[in-house]
Every structure is written in structure tokens, then in C-alpha cells.
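Subject: Model handover

Hello,

Here is the model for you to look over. Please open it alongside this note.

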Amino acid sequence: MTIQNDAKLIVKSGCELIIEDCGNLVIRENGQLVVESGGKITIKPGANVFMDGIANINLQSGFLTGIGGIAITMSNALVVLGVPPLKQIIATTNWNVGTYKFFDDLYISSGATLNLTGTTLKFFRSANVNVGRGAKLNMTTNSILTSTCGDELWQGVEVWGNPSLSQTPSTNQGHVVMNNSKIELARTGVLCDRPMPTDGPGVPSGNGGGIIQAYNSHSGYRLWRI
């Protein structure tokens, strides 16, 4: 279910909104979920609520949490729902010991680095991670890229490069470093290319050359495609 374009879903007193395991509620732009006093919200531990920010939810004084639902408040909503602070990385960024959920793609732009330390990123089934030419994704200390639902596969990581340039220095290419980390439940763990035609009809070339360095790490379902 998606709420956007100034729409509101209002849970009034005596009513309950239940979001089951692997259920997805998406609140975008100026959309808003409002739970009034006496209204009840039950977000199961495996459910997903994707928001742009705290303005997308209004838990009014006297609202209730249903049995089996996560303990959510206005003060902890961003943390317990895993709302990412950024969806496009444009500079060196460090995320430490957290869990973030992405409904859309995560982009790491040229010249930027995303450092993950003990961090889990979860992705909706249509989402992927795009590591641009000259960008870097650095995963350490049991960092994990996985699906928002254990019954579904997400798209995986794309490392964009330039096959006409040397891999030295590594800043010529997209670059993924994994150290004691893993990618799981992905259709393709890491693809060193971009799966779209760039040089002619049906010819997905011109973005090869990306770099993967993996130490004590693994990718589940399908490993690497180069």
C-alpha cells in the first residue's frame, strides 16, 4: 500500500491497522499515516514501513500498540522502522551498527564512499545498490546487504566502471570492498556492469571494469557476475 500526494490514512479510536510480516506500507512525499488517540497500530517484526522522514507519520497522544507489534513512538520511529538518513551518497559517509530499509535504489555517486561497519541494509524486491564510476562501497565487521522479506529476492549490487580506463588507480572505477561481510537473498550478488544497452540494441556493454575485493565474505543465491 502506498500513501502519497498529500493523502492521509487515519486510524481512528476503536480501529486497528495491522501490517503483517513481509507486508509493505510506503509513505512518500507529503503522504501521512495518522493514528489518533484510541486508535491502534500493529507493525509485526517482519513488516516494512518505508518513509521519507518523520513528517510521514503522526502518532497522537493516547494511540495504542497492538499485541505482537513493535514498540513504536514518535521519538523512536525512524530507528525502529529503519528509515535511512540518505538514499543518495554524494560524499564520504559512515553508517555504524544500524539497520536501514530501502524501498528504492541506493546510489553511491562518483567520488563518494559509503563505509558500513556492523550495519545491515535491507532492500525491497525491486531495489538495488548502484556504485557509480569512481564511487566506493566499503563493508566491514559483519555488515549485511539483504532483502526486506526472507521470502523474496532483491536485485543486488551493480558496480559501474569504464573498460577503457585502467583499474589503477581504483578511483577510475566503481569499487566494492567486503571484509567479514555478506550479501544475501540477491538475484545477483555483485554485477560488474550495468544491465542496460548502452552501445546498441540489446548490447549491455560500456560499463564494465568495476572492482570487487572480498575478504572472508560471501554472497548468497548467486555470487558474482563479471
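Below is what was found, element by element.

This is a predicted model, in which local features need pLDDT of at least 70, side-chain atom pairs count only at pLDDT 80 or more, and totals for chains, interfaces and linings use all residues. Residues are numbered from 1 along each chain as its sequence is written, and side-chain values use heavy atoms, with hydrogens and water left out.

**Strands and sheets**

Helices (H or I, at least four residues) and strands (E, at least two) are DSSP runs, numbered from the N terminus. Two strands pair if DSSP finds at least two bridges between them.

Strand 6 (residues 40-43) joins strand 9 in the parallel sense over two bridges. There, K40 has L64 of strand 9 as its bridge partner.

Strand 5 (residues 32-35) has parallel partners too. Strand 2 (residues 8-11) pairs with strand 5 over four bridges, in the parallel sense. I10 has V34 of strand 5 as its bridge partner. Three bridges join strand 5 to strand 8 (residues 57-59), again parallel. V34 stands opposite N58 in strand 8.

Look at the side chains of strand 5. Q32 and V34 point one way, L33 and V35 the other, and all are buried. Buried means under 20% relative accessible area, exposed over 50%, and partly exposed in between (1.4 Å probe, protein chains only). In a regular strand the side chains alternate between the two faces of the sheet.

**Nonpolar cores**

A nonpolar core is a set of buried Ala, Val, Leu, Ile, Met, Phe, Trp, Tyr and Cys residues joined through side-chain atoms within 4.5 Å. The largest has 26 residues. V129, L137, L145 and V157 touch the most other members. A second, separate core has 20 residues, including L17, L33, A77 and V83.

What does L137 contact, leaving aside its neighbours within four places in sequence? The list is I108, L114, L116, V129, V131, L145, H175, V176 and V177. Contact means heavy atoms within 4.5 Å.

**Cysteines**

There is one disulfide, a pair of cysteine sulfur atoms within 2.5 Å. C22 is joined to C149, S to S 2.0 Å. The torsion about their S-S bond is about 95°, so the disulfide is right-handed. C22 lies in the loop between strand 3 and strand 4 (24-27), and C149 in the loop between strand 18 (144-147) and strand 19 (154-159), so the pair ties together parts that are 127 residues apart in sequence.

C22 counts as partly exposed at 25% relative accessibility. C149, at 3%, counts as buried. As for other cysteines, C15 is partly exposed at 43%, while C192 is buried at 5%.

**Backbone points to check**

Where is the cis peptide bond? T168 and P169 are joined by it, with omega about 0°. P169 sits in the loop between strand 19 and strand 20 (175-179).

Two residues other than glycine have a positive phi. D6 is near 70°, in the loop between strand 1 (2-3) and strand 2. D6 counts as exposed, at 57% relative accessibility. N142 is near 65°, in the loop between strand 17 (136-140) and strand 18. N142 is exposed, with a relative accessible area of 55%.

Best regards
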